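Here is a short briefing on one protein model. Look at the sequence and the fold first, then read on.

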Amino acid sequence: MSLFTVKEGKKLRCGYTTGSCAAAAAKAAAMMVLTGRRVDAVSLQTPQGTVLQLIPEDVSFGPQSATCAIRKDSGDDPDITDGMLVYGTVEKTLSGLSLIGGEGVGRVTQPGLACAVGDWAINPVPRRMITEALQQACQQCGYTGGLRLTLSIPDGQRLAQKTFNPRLGIVGGLSILGTSGIVDPMSEQALVDTIHTEMDSRRAAGQAHLLAFFGNYGVDFSRDHLGLDVSPRVTISNYVGETLDYAAYKGFSDVLLIGHIGKLVKVAQGIMNTHSRYADGRTTLLALEAVFAGASREVAQKIYDSLTTDEAVRLLKETGLLEPVMAAVCDKIESYMDQRTHGQVPTAAVVFSNAYGVLGQSSRAQAFLALHTKGELR
């Protein structure tokens, strides 16, 4: 790949998706079975218009079928699928173009995803790319019969355990993904799309009450200390705003967000992306609320100068100011979250610290927690 993008002042190399790999493998295998000649390179135009020249590997072909693989290249994106082989086996049939999944390609078992329940986890854009690739091969070779393509990823089942697929009800392997055909390194949109996919799955399964966490800390804390059923959760990383927007769009009844104070104190300032590169102000707000609660200038300065929110919490606790400060913080969190959903979806938050436990909760939190208690999930 010679396509690059710039992120945070760094030049990063783009890659290509599993959908592009599958389409290229399909086209190369089809050309080989239809011509009887080896294909050393295959040209593929991606949906975004970039033309890829990809090299088939592990080639074998005969008069009735051909098999080859395309190696996934994720560029500078930290993708676990980088370097894996996506195989395409094309066989001649009497008519039509058919597509099936083989070893290491997942199958959908729950509603709400882009593919129907029972179907192979090959998303719509890759399906279209694959169909067009097979049609092009037929046209170039003047072939009017049918073709059957079997896609396989030998390492797919193992790699899928490191993805969201098991939680989304995709069993047996990886999904064939991609909307542009190109991997944008460290793409925020890709992360948001993953969150939306999880939310789609939860909503399609009949879940009306959204339980959201920033990451594993919140999940572990809620399971171990709050007694919650965390299995139907959605992990949102830093994307509070996008999650709330989509919750309103999908018609969730309510949203409960449980998170560490280091994240949620930002939301109390209307910061809807909690990554450190966008904004901070954690100890600034805690120091200000401490002043409003009666802290001396000296105490407020120490809180402001704290290197961590846990240190700030320690100071608040020692001075008897933790409860009023957290009450104010939680009110602001709920207010900003409600504002983001335009009042369409009631929201609530629980703020915790690994060192000090639950620090506070917003006005609706107790009622929403009851909806997610083990044995009472609805």
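Leaving aside its neighbours within four places in sequence, which residues is phenylalanine 352 in contact with? They are Tyr217, Gly218, Phe221, Ile258, Gly259, His260, Ile261, Gly357, Val358 and Leu359, where contact means heavy atoms within 4.5 Å.

This is a predicted model: local features need pLDDT of at least 70, side-chain atom pairs count only at pLDDT 80 or more, and totals for chains, interfaces and linings use all residues. Residues are numbered from 1 along each chain as its sequence is written, and side-chain values use heavy atoms, with hydrogens and water left out.

**Phenylalanine 352**
- Phenylalanine 352 lies in strand 19 (residues 347-353); strands (E, at least two residues) and helices (H or I, at least four) are DSSP runs, numbered from the N terminus.
- Phenylalanine 352 is buried, at 0% relative accessible area. Buried means under 20%, exposed over 50%, and partly exposed in between (1.4 Å probe, protein chains only).

**Salt bridges**
- The whole structure holds 19 salt bridges, each a side-chain nitrogen of Lys or Arg within 4 Å of a carboxyl oxygen of Asp or Glu.
- Arginine 340 pairs with aspartate 245 in a salt bridge, with the closest N and O atoms 2.8 Å apart. This pair links distant parts of the chain, helix 12 (residues 322-340) and helix 7 (residues 240-250).
- Arginine 364 and aspartate 338 form a salt bridge too, at 2.9 Å from N to O. Aspartate 338 is buried at 17% relative accessibility, whereas arginine 364 is partly exposed at 28%.
- Asp220, Arg223 and Asp224 are linked in a network of salt bridges.
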